[in-house]
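Welcome! Please take a moment to turn the model around on your screen, and then read on for a short tour.

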Amino acid sequence: MNSFIEKRDFFKGNDIEKIVKEFGTPLYVYNEDILRKRMSEVAGIITKYPYKANYSMKANSNIEILKIAREENVNCDAMSEGEIRLLLKAGFTPDQIFFVPNNIDANEMQYAIDNGIMISLDSIDQINLYGSLNPGSKCALRINPGVGAGHHEKVVTAGKNTKFAIAEEDIDEAKRVADSYGLKICGINQHVGSLYMTPDPFLNAIDQFLRIARKFKDLEFIDFGGGFGIPYHKLEDEEPFDIFRLSIEWTKRLDEFVKSYGSTPLFKSEPGRYCVAEGGVLLGRVNAVKYNGDHKYVGTDVGMNVLMRPVLYDSWHDIEIISDGKVVKGMKEEATITGNICESGDVLCKDRPMPMIKDNDLICVLDAGAYGYSMCSSYNMRLRPAEVMICSDGSYRLIRRRETFDDIFNTFV
Ligand SMILES: Cc1ncc(COP(=O)(O)O)c(C=O)c1O
């Protein structure tokens with residue numbers, strides 16, 4: 001079995017135990033080089049036509065990562081007023097932000113309107129609300145292309161069973177309602193789901209969406225969404241998502257479309273995970289090892305409050321073991337690695353072949369940069385962790401301090 005952190009020199013020669021001594025565990029650690037590389041890849045998927053990648057910041061909203069996105073020429077998607085506020089703070093201008101919310105109220109919509117941010121509406125009721133607040137303006141519609149994709153039913157966001165988007169059969173009604181407020185539908189967007197490992201589901205959705213796009217005249221932009229996967233089984237050499245093939249096949253489809261549509265809109269994507277997952281790891285400390293029956297339980301401080309994905313989606317994360325600052329090699333026994341939350345489901349991996357793990361070792365959970373910190377909670381009154389960046393020049397720095405008990409208690413009135 002390979003070691004990803006050694007192969008990529010993830011910590012750039014820095015002493016892992018020293019970092020952990022300084023900032024404690026659990027600790028999110030990011031590698032700037034990997035983040036920049038992935039951001040620049042998504043920024044360049046389409047080169048032949050006007051194209052912009054919007055980083056979906058729900059995947060990781062650390063302000064330093066948002067600044068990297070901006071520097072790599074990537075715009076952003078926001079899902080909430082809070083995300084818009086943070087993007088503005090990170091230096092994005094309103095025209096670099098696309099608001100793609102779901103079921104929001106008038107106040108949240110008004111915040112976007114006041115800040116001049118383009119909004120995507122995903123139901124007739126939301127068109128009515130927007131039209132009453134901002135008649136005669138421009139907006140986008142989120143359309144369900146009828147096909148979904150994703151690694152788990154909870155992340156499929158199109159097709160027959162989803163709360164998202166306007167169904168194709170309701171497009172005429174959506175246009176009529178938009179018209180009644182003098183709204184101009186200047187863009188359409190879709191997002192079919194998250195984490196597919198080949199470009200095919202996305203290409204299939206592109207075909208559907210370009211067919212649907214022809215039902216709209218003079219679109220200024222068409223946004224195809226995100227969902228590009230990353231190899232979570234990289235220690236077993238899982239193949240990465242083929243972004244090169246995606247680029248070629250997607251461009252061919254745009255060639256066809258542009259030839260007959262009559263104008264060339266700006267084409268967009270909305271990747272989140274692809275940009276940040278592999279650029280982040282989560283370090284935790286082994287606090288107790290015990291055997292219950294035939295099972296070895298490795299008790300760590302990486303609870304489900306720190307990394308939700310395994311509990312929420314049964315997700316797999318590769319885990320490396322670090323003892324005295326060195327990666328431990330070789331499979332020795334099966335281990336169930338758990339967190340410190342009072343829930344029997346608080347399990348990172350179950351009966352997984354692992355190297356020998358001892359009390360006080362470190363675990364390094366790979367591919368934790370996406371939907372890691374951004375899904376953290378203070379469940380069990382545990383503090384959200386700190387975040388550290390391993391910078392391109394080899395230095396490292398704190399980019400978010402650990403939460404304090406005062407941070408939590410201060411919300412009580
Ligand atoms: C509307 C929308 N766009 C983009 C994304 C990003 O998806 P991913 O992180 O899989 O690329 C999501 C995630 O669920 C989403 O809901």
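Is Ala165 buried or exposed? This is a predicted model, and in it Ala165 is buried, because 26 other C-beta atoms lie within 10 Å and the cut-off for a buried residue is 20 or more. You will find Ala165 in the loop between strand E6 (138-142) and helix H8. Its backbone deserves a look as well: phi of Ala165 is near 75 degrees, a positive value in a residue other than glycine. As background, most residues other than glycine have a negative phi, and most peptide bonds are trans.

## Backbone details

Met381 also has a positive phi without being a glycine, at about 55 degrees. This residue belongs to the loop between strand E16 (362-365) and strand E17. Met381 is exposed, because 9 other C-beta atoms lie within 10 Å and the cut-off for an exposed residue is 12 or fewer.

For a cis peptide bond, go to the step from Thr25 to Pro26, where omega is near -10 degrees. Pro26 sits in the loop between helix H2 (16-23) and strand E1 (27-31).

## Two domains

The domain assignment of the protein gives domain 1 as 4-29 + 277-409 and domain 2 as 32-274. Their C-alpha centres are 31 Å apart. Where the two domains touch, 23 residues come from domain 1 and 21 residues from domain 2.

Which elements give two or more residues to the side of domain 1 that touches domain 2? They are helix H12 (309-313), strand E17 (386-390) and strand E18 (396-400). E17 gives the most, with three residues. Sorted by class, this side of domain 1 has 13 nonpolar, five polar and five charged residues.

## Pairs of helices

| Pair | Angle | Axis distance |
|---|---|---|
| H7 (residues 124-133) and H8 (residues 171-180) | roughly 10 degrees | within 9 Å |
| H9 (residues 200-213) and H10 (residues 243-261) | about 10 degrees | 10 Å |

H7 and H8 are therefore roughly parallel to each other. In their contact, Ile124, Ile127, Asn128 and Gly131 of H7 meet Glu173, Ala174, Val177, Ala178 and Ser180 of H8. The residues of this contact divide into five nonpolar, three polar and one charged.

H9 and H10 are likewise roughly parallel to each other. H9 brings Phe202, Leu203, Ile206, Asp207 and Leu210 to the contact, while H10 brings Leu246, Glu249, Trp250, Arg253 and Phe257. Here the classes are seven nonpolar, no polar and three charged.

Lys217 is exposed, with 9 other C-beta atoms within 10 Å. Between the C-alpha atoms of Lys217 and Gln96 there are 23 Å, and the two residues are 121 residues apart along the chain.

## The two sides of helix H5

Which residues of helix H5 (residues 81-89) are buried? They are Glu83, Ile84 and Leu87. These three cover an arc of only 100 degrees around the axis, which means that they lie on the same side of H5. The face turned away from that buried side carries the exposed residues Gly82 and Lys89.

The buried residues of H5 pack against two helices and two strands: helix H4 (63-71), strand E3 (75-78), strand E4 (97-99) and helix H6 (106-114). After H5 comes Gly91, with a positive phi near 105 degrees.

## A buried asparagine

The last stop is Asn54, in strand E2 (residues 51-56). Asn54 is buried, with 25 other C-beta atoms within 10 Å. Leaving aside residues up to four places away in sequence, Asn54 touches Asn75, Cys76, Asp77, Phe98, Lys268, Ser269 and Glu270.

Notes
Residues are numbered from 1 along each chain as its sequence is written. This is a predicted model: local features need pLDDT of at least 70, side-chain atom pairs count only at pLDDT 80 or more; totals for chains, interfaces and linings use all residues. Helices (H or I, at least four residues) and strands (E, at least two) are DSSP runs, numbered from the N terminus. The arc is that of the directions from the helix axis to the C-beta atoms. Two residues are in contact if their C-beta atoms, placed from the backbone, lie within 7 Å. Domain bounds come from an automatic or database domain assignment. Ala, Val, Leu, Ile, Met, Phe, Trp, Tyr, Cys and Pro count as nonpolar, Asp, Glu, Lys and Arg as charged, and the others, Gly among them, as polar. Axes are lines fitted to C-alpha atoms, for helices over the stretch in contact, and angles run from 0 to 180 degrees between N-to-C directions. Angles under 35 degrees count as roughly parallel, over 145 as roughly antiparallel, 65 to 115 as roughly perpendicular and the rest as oblique.
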